[in-house]
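Hi there,

Here is the structure I promised to send over. Have a look at it first, and then read on for my notes.

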Amino acid sequence: MIETDRRALLRAGAGLAVAGTLTTGCAATGTGPAAHARPPAAHPPAKTPRPAPAAPAPRRFPGLPAQISHGPRTGDRVALTFHGQGDPATAKALLTRAEQAGAKVTVLAVGSWLDAHPELARRILDGGHDLGNHTHHHVDVNDMSEADAYAEITGCADRLRRLTGSIGTWFRPSRAQRATPLVERLARRAGYPHVLSYDVDSLDFTSPGAPAVTRKIAAEIRPGSVVSLHFGYADTVAALPAVLQQLERRGLRAVTTTELLT
């Protein structure tokens, strides 16, 4: 009888031990009632991509004329400026060659060209280059009425603003080295304190061959020069490495127009 009672007590104790273990296990593994009472683990908020920063805006350079054709003649900087139009593959090749040599350039883009190839605006800026306005249709802006000329300037400015958040850093009249007094005033009204001219014309748009383009620039360039070049011409792509080599030999660096004047 005593042995029977002892066995019954042992069985009861074992049952209690098992029950206690199960209770502890639920709390530890997060499957019991206490676990359900805890709030779910917080997840970090999803990251949204940051928008591209707005491009630099035009700035006024006190002491410089309304139309700028060159920078300081002291120092080691020059500006290679490209009229932005033509085959986008040629434009990308020029930008890549400049960047491989550590050079920065200034691109004066045609508005209708940006309409056809909007990705190029960001490509130019992402390479660290200046981007500006070369009218919307690349017409003879100096020979237009006030209303039409203003529409050409603001038409390109609107494209630049839509694509980059800025009207660009510079305005250069199309089909002319310098702006007339009227176009100069219209550019200022559109938000450009200065008109960007140049003192070295490469004549690359005449397709004279890469060696001729290089010789023309080498013969005329000096510290502070602003050189006129064009996208869309194979001669320009072919000449660029030799032009940059000429600059290096003379101790000159190709920088953006903004850097040249700063």
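Residues are numbered from 1 along each chain as its sequence is written, and side-chain values use heavy atoms, with hydrogens and water left out.

The protein chain has an average pLDDT (the predictor's confidence in each residue, from 0 to 100) of 86, and 80% of the residues score at least 70. Over residues 1–41, pLDDT stays under 50, and the model has five contacts (heavy atoms within 4.5 Å) beyond four places in sequence for them. Where pLDDT is low, the predicted coordinates should not be read in detail.

Now to helix α7, residues 181–190. Helices (H or I, at least four residues) and strands (E, at least two) are DSSP runs, numbered from the N terminus. The buried residues of α7 are V183, E184, L186, A187 and A190; buried means under 20% relative accessible area, exposed over 50%, and partly exposed in between (1.4 Å probe, protein chains only). Seen down the axis of α7, these buried residues fall within an arc of 165° (taken from the directions from the helix axis to the C-beta atoms), so they line one face of the helix. P181 and R189 are exposed on the other side. The buried residues pack against β1 (67–68), α6 (146–164) and β5 (195–196).

I153 sits in α6 and is buried, with a relative accessible area of 0%. Leaving out residues up to four places away in sequence, I153 touches N133, F171, V183, L186, A187, A190 and Y192. G191, which follows α7, has a positive phi, near 115°.

The structure also holds eleven salt bridges, each a side-chain nitrogen of Lys or Arg within 4 Å of a carboxyl oxygen of Asp or Glu. In one of them, the side chains of R73 and D199 meet at 2.9 Å, N to O. That pair links distant parts of the chain, 126 residues apart: R73 is in the loop between β1 and β2 (77–84), and D199 in the loop between β5 and β6 (200–201). Finally, a network of salt bridges links D76, R77, R253 and E259.

Best wishes
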